[in-house]
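Colleague: I'd like to learn how to read salt bridges and nonpolar cores in a model. Could you walk me through them?

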Amino acid sequence: INANQIARLDCLLSFATAARENNYIRPVIADDNVLEIHQGRHPVIEKQLPIGEKYVANDVMLDSQTQQIIIITGPNMAGKSALLRQTALITLMAQIGCFVPAESAHIGLVDKIFTRVGASDDLTAGQSTFMVEMSEVSDILRNATPNSLVILDEVGRGTSTFDGVSIARAVAEHICTSKKLGCKTLFATHYHELIGLENELEGVKNYSIAVNKHGGNIRFLRKIVRGGVDESYGIDVAKLAGLPAKVVSRARELLSEMERAHAENKV
């Protein structure tokens, strides 16, 4: 009994210390289906930033009526995954009794948090990255409830484009249908075809990570803004990663050729 009480006290003191040292706030825990975070931050990433660099905070709002699914588009390295993770972490921290990294937070009760983030395979079980991804998505769709929070990052990327788009869209449609799931969801994707869901399904809203492009250079603003984007900036990211200039130049040529051929086929 004494050890149990000491452990509880140690946990609460750790919460208090983390909240004081990192400027966390007390969240509002409510018996509703609204998840609203104002100026939320990732508790780990903000501690790893270089001295003097400020974390770019973001707002997130999800409910079961007006904004049940947020489709997030934008380039790699822009901050989509950080936004997904911080939303899940803030929700979890609030429900275990800890203050959270935000200016304010209204956290409706969440029974489960499901995530499909990152890429991995299982060689010992003979499963490819795509097979593992589909197994995890299957688990989510079978076990999530209307009170769950679902975090999906790049569903369908492990297979061909048409297959991937079809799977991603079918998953989004299934989640958005209240008779099937109807759970609050953040869905990050490179499939720009999913942007059209906002006009077709109630409760789906498009957001993107802001990018400042000037000439041949891009700058990631890491700020989520309303509206989807239909440009991936993949070649620009490859350039930032140090891909040889000749390879980058050739990639731009090939992209132009493919876009021109695609446009001609559509006419």
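**Salt bridges and cores**

Modeller: Start here: Arg169, Glu173 and Glu200 are linked in a network of salt bridges. A salt bridge is a side-chain nitrogen of Lys or Arg within 4 Å of a carboxyl oxygen of Asp or Glu. This is a predicted model, where local features need pLDDT of at least 70, side-chain atom pairs count only at pLDDT 80 or more, and totals for chains, interfaces and linings use all residues. Residues are numbered from 1 along each chain as its sequence is written, and side-chain values use heavy atoms, with hydrogens and water left out.

Colleague: Where do arginine 169 and glutamate 173 lie?

Modeller: Both are in helix α5 (residues 161–176), 4 residues apart, about one turn of the helix. Helices are DSSP runs (H or I, at least four residues), strands are too (E, at least two), and they are numbered from the N terminus. The closest N and O atoms of arginine 169 and glutamate 173 are 2.7 Å apart.

Colleague: And which residue does glutamate 200 meet in a salt bridge?

Modeller: Arginine 169, at 2.4 Å, N to O. That pair links distant parts of the chain, 31 residues apart, with glutamate 200 in the loop between β8 (184–188) and β9 (204–214).

Colleague: Are arginine 41 and glutamate 46 buried or exposed?

Modeller: Buried means under 20% relative accessible area, exposed over 50%, partly exposed in between (1.4 Å probe, protein chains only). Arginine 41 and glutamate 46 are both buried, and they form a salt bridge too, at 2.7 Å between the closest N and O atoms. Glutamate 200, at 49%, counts as partly exposed.

Colleague: How many residues are in the largest nonpolar core?

Modeller: A core is a set of buried Ala, Val, Leu, Ile, Met, Phe, Trp, Tyr and Cys residues joined through side-chain atoms within 4.5 Å. The largest has 34 residues, and α3 gives the most, with 6.
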